[in-house]
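Please read the following with the sequence and the model open side by side. The text goes from one site to the next and names the residues to look for.

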Amino acid sequence: MLLIHCPYCDEARPEVEFAYGGEAHIARPVDPSTYSDEQWEEFLYIRSNPRGRHHERWRHTHGCGRFFNAVRDTVSDVFETTYKAGEARK
Amino acid sequence: MSGFRLADGGRIDRRTKRTFTFDGKARWGYAGDSLASALLAQGQMLFGRSFKYHRPRGILGAGVEEPNALVTVDRGPGRVTPNLRAPSVPIYDGLHATSQNRFPTLKTDLIAVNNVFSAFFPAGFYNKTFMWPRAAWEKVYEPIIRRLAGLGDSPTTRDPDHYDATYAHCETLVVGAGPAGIAAALEAAASGGRVFLIDEQEEIGGGALSDPAQWAWLAEASAKLAALDNVTVLARTTAIGHYHQNFVVAAERLTDHLAVDEAEGPREKLWRIRAGEVVLAMGAIERPLVFEGNDVPGVMLASAAKTFALRYGVAVGRKLIVMAVHDSGWRDALALHKAGVNIAAIVDIRRDVAADLIEGARDARIACYQGYAVTSASGGQAVNGVTIALAGVGKGQKLDCDGVLMAGGWTPTVHLWSHAKGTLRWDEAWGAFLPDKTHENLRCVGACGGDWDFGKGLSIGLLPAPKPLHESKAFVDFQNDVKARDIGLAVQEGFRSIEHIKRYTTNGMATDQGKTSNLNGLQIASGVLHRPVTEIGLTTFRPPYTPQSFGAILGHHKEALFQPLRKTVIDDWAADHGAVYENVAQWRRARYFPQGSEDMDAAVARECRAVRSAVGVFDASTLGKIEVVGPDAAEFLNRMYTNPWKSLEPGRCRYGLLLGEHGFIIDDGVSARLAPDRFHLTTTTGGAARVLNMMEDYLQTEWSDLDVWLTSTTEQWAVIAVQGPKARRVIAPLVEGIDLSPEAFPHMAVREGQICGVETRLFRVSFTGELGFEVNVPAQHGRLVWEAIWAEGQKHGAVAYGTETMHVLRAEKGFIIVGQDTDGTVTPDDAGLGWAVGKKKPDFVGKRSLARPDIVAPGRKQLVGLLTDDPQAVLEEGAQIVADPNQPVPMTMIGHVTSSYHSATLGRSIAMALVAGGRDRMGDTLHIPMPNGTISAKVVAPMFYDAEGSRLNG
Ligand SMILES: [Zn+2]
């Protein structure tokens, strides 16, 4: 079971308190109607799925309830860092 | 009959006899014996029959690596455990153990004829047989394979035991309490941190238990550990897996070693241990050698024979021959000789063996055959001799013996290291993989880290023999009956990677996970392919390290504690009134309230008629509820839902439709605006948490500028639906401060006031098509208000109705249930809910997707009603629909039935369905092929009752 550091609680807590939220830094467009079908498809469905460093979202569901971002290695599952939503990509 | 108890020695208690049975026969041993040592001491050589060929098999090892001697232990009804390894089963008074995989008895196994036909069971047998005609597989091969194969019988009755579970935290966890592990634990303890030392055996000591010279040290170290407050020592505790960030799961066996009537409390305890540092001290497992007849009972590992002699005081035979490719075989032979076990000869494929070993053997008058190999072992149910030949070439010579000890070198136990994704490196000197790199705070000490002196040796997969490989019966994996020639065949048939060879031959895939076979299999593949081992790869070890009971993994999470059961405050009342329940998400909901001998259909018909003609009360408390508060609440909901919300006036309700960004319906519900900055949202029963999570997601990560707060209030409100033409009359005497007149309180409105003296949010809403109210009261008053409404209702012919009636009533009105009439691929237009989409809104979640080419394309599945030609035929929900029932199979399926009921109100069946281009098929007849014939139905609008909605007004 992973230990995940919640940047809001500033605590490492067991994985069961958290919910995974998919790839991070995919912002919803301010006006989706200006997006072409291809751009919208890209936003909706296309993900980077890297081998290695992955920027992803987690929510401390059974804790503070906040969404935050993390960098996790998809091979080793080691968390490099976690940081608050809204902070720049690390 | 060749093993016997030595006159002295061992850690057994010779003053305490234990009696037990094996295959129904009375046996005995001493306290401290394992099932294997006690039986060996009584001359037992045959312990089981092999998996595929039913060959006679004896003991190979003295620990958990044992592949052959699998037994079933019976501790009473529901307490029957198959596939235990005889060397790891401690004996106790009254132990009942039976051998496995024999028919009818161990000595006379009829299926052993299999052995004669073994040519029909080559590598990949299963794969190949699957490709034969299907009928032959089902009728011939599968029944035969089921009869022949399988390890033990799975239990058929409920396990009456209970299992404990706990978490632990420590600075250092040491897995394996041999000399290296004990030293590591003592060293870690000195620094003051919390230390756990766990070991799978009956007592700590590991390899030292088989070495009397270390017993004094062991006793002293054990006492030292016991005296330390910061050290927890757990024997009989197997670390079954290493998971992320030094999270080790270990199972402690608490009672299986005790006589049945002495066993109290939980059977096992699952430890979930998070450790700062994990030290693996799991030792190494000796490798068998691969030669003709290496599976005949009496052929075993040299280290096992040493353990049986020195730890248990048992000689495994009267005249033993050692086949070594490693110094450790010589050392064990000399230790055995010293303990009084007769070693007749040592055969070693190597010509050069250390002088001190040869000298030691000569002093012990042991014949030495350097440069020789055992080319075959002979015997049926017990070995009676070997043939040895110089360099394994030619006819060779025969030597009599009643036991053969194999010393094939050592394989470090890196299983947990591999669970932790630690990398391995090939070590030529060990002829095995050793730990290399890890990102965990993890290290290996002692033999499992390659730091142990077993002497020198060769690593050799297959001993040289005059017989060609394809004729040889030399076994690699004893438990799965894989021979060296099977690996040869796999390579011949084109398999190159060890992962593929493993799966094709099943080498290493039995319950022992190849503890004694993986390395030999790899070496043989390497030899046949003429490529180095490192290029062939290594298979992956996965938890559990040894087979683990499901009971311990489940722990307390069974029966009522399997998952939470949510009950409303009215649940007890429903129980008192005979409710039949169904589970919806984690909620227990009253499905119907049968009276007398009513079945479900009769009860539902009665409940439906009562609601349509008088009034019914329904516990709707499970509806998800979210309080949305803040200056931007309306703006937020406007962005979330498809409908417009800003124009909704306080005191009014609106049906809200929620889409995912992909444009498909994911939830719905009626919500009320209580004040300009306050909404009372409802969601589906199952969707409450999901919807709140989604809303939090948008609020926190996309629209953090909005000033809105979301609070789950599902369990704060009890909700009582009062539905039917007499609904107003039922609640009127109870309500204070709310004008219930139709003019003052129209449909889709909300009012705050009091009912029975309790604050209420009273909704005038209807999921039945009748005049209806939903009474929201604080949960703690729910039962009181329900009973008051119920009492008042009795004056008007009220019934309590359950979810089944609720479903029928809403289907008569064509109201959808998200998740039943939708499946995550249904848009508002598909569901006929286009009216709920705000056309003028510039944006909402999912709006852009509604313009995607595949969403606007014609031919999408649309929700329609179906009326069967036979009004009494009730379609099956989920049944597939076709346009032409006479088309050849496979037919083109154009949709499926989503909801289907018998409607008492209409006196006939009704159904809803998702059908391709459904709204263009109005009036068409479609067909639903079922096992008992095809049912025809006409496509109609999904609205079966009171289409104009006049009944809403009572
Ligand atoms: Zn938190």
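The model is a predicted one. His60(A) counts as buried because its relative accessibility is 1%. Cys64(A), at 33% relative accessibility, counts as partly exposed. The cut-off for buried is under 20% relative accessible area.

Chain B comes next. Its domain assignment lists domain 1 (4–120), domain 2 (164–281), domain 3 (285–408 + 453–536), domain 4 (624–712) and domain 5 (852–952). Between domain 1 of chain B and domain 4 of chain B, the C-alpha centres are 66 Å apart.

One sheet of chain B is an open one of 3 strands, in the order β21-β22-β23, with antiparallel pairing. At its edges are β21 (372–379) and β23 of chain B, each of which pairs on one side only. From one strand to the next the twist averages 30°. The antiparallel strands β21(B) and β22(B) are joined by 7 bridges, and here Ser376(B) stands opposite Thr387(B) in β22(B). On the other pairing, β22 (residues 383–390) and β23 (residues 397–400) of chain B run antiparallel over 4 bridges, with Gly385(B) opposite Asp400(B) in β23(B). The hairpin of β22(B) and β23(B) has 6 residues between the strands, and in it Ala391(B) takes a positive phi near 55°.

Another sheet of chain B is built from 7 strands. This open sheet has the order β40-β41-β42-β43-β39-β33-β44, and its pairing is mixed. The edges are held by β40 (735–736) and β44 (799–800) of chain B; each has a single partner strand, so one side of each has no neighbour in the sheet. The partner of β40(B) is strand β41 (residues 749–755) of chain B, paired in the antiparallel sense over 2 bridges, and Glu736(B) stands opposite Gln754(B) in β41(B). Helix α21 (residues 782–794) of chain B packs on this sheet, where it touches β33 (616–619), β39 (717–723), β41, β42 (758–764), β43 (772–778) and β44 of chain B. The direction of α21(B) makes about 15° with that of β39(B).

Which residues of helix α11 of chain B are buried? Of the 9 residues in this helix (residues 484–492), 7 are buried, so that it is mostly covered. They are Ala484(B), Arg485(B), Asp486(B), Ile487(B), Gly488(B), Ala490(B) and Val491(B). Their cover includes β29 (475–477), β30 (482–483), α12 (498–505) and α13 (518–529) of chain B. Just past α11(B), Gly494(B) has a positive phi of about 105°. The loop between β29 and β30 of chain B holds Asp481(B), which is not a glycine but has a positive phi of about 55°. With a relative accessible area of 0%, Asp481(B) is buried.

Ala585(B) sits in the loop between β31 (580–584) and β32 (587–592) of chain B, and its phi is near 50°, a positive value in a residue other than glycine. Pro543(B) and Pro544(B) are joined by a cis peptide bond with omega of about 0°; Pro544(B) belongs to the loop between α14 (533–536) and α15 (550–554) of chain B. Another cis peptide bond, also with omega of about 0°, links Val889(B) and Pro890(B), and Pro890(B) is placed in the loop between β46 (880–882) and β47 (893–903) of chain B.

The last stop is Gly846(B), in the loop between α22 (803–812) and α23 (853–856) of chain B. Is Gly846(B) buried or exposed? Gly846(B) counts as buried because its relative accessibility is 0%. Leaving aside residues up to four places away in sequence, Gly846(B) touches Arg28(A), Leu659(B), Gly660(B), Glu661(B) and Gly663(B).

Key. Residues numbered from 1 in each chain as written. Chains lettered and ligands numbered in written order. Predicted model: local features only at pLDDT ≥ 70, side-chain atom pairs only at ≥ 80, totals over all residues. Heavy atoms only, no water. Buried < 20%, exposed > 50% of the residue type's maximum accessible area, 1.4 Å probe, protein only. Pairing = 2+ DSSP bridges. Contact = heavy atoms within 4.5 Å. Axes fitted to C-alpha atoms, helices over the stretch in contact; angles between N-to-C directions. Domains from an automatic or database assignment.
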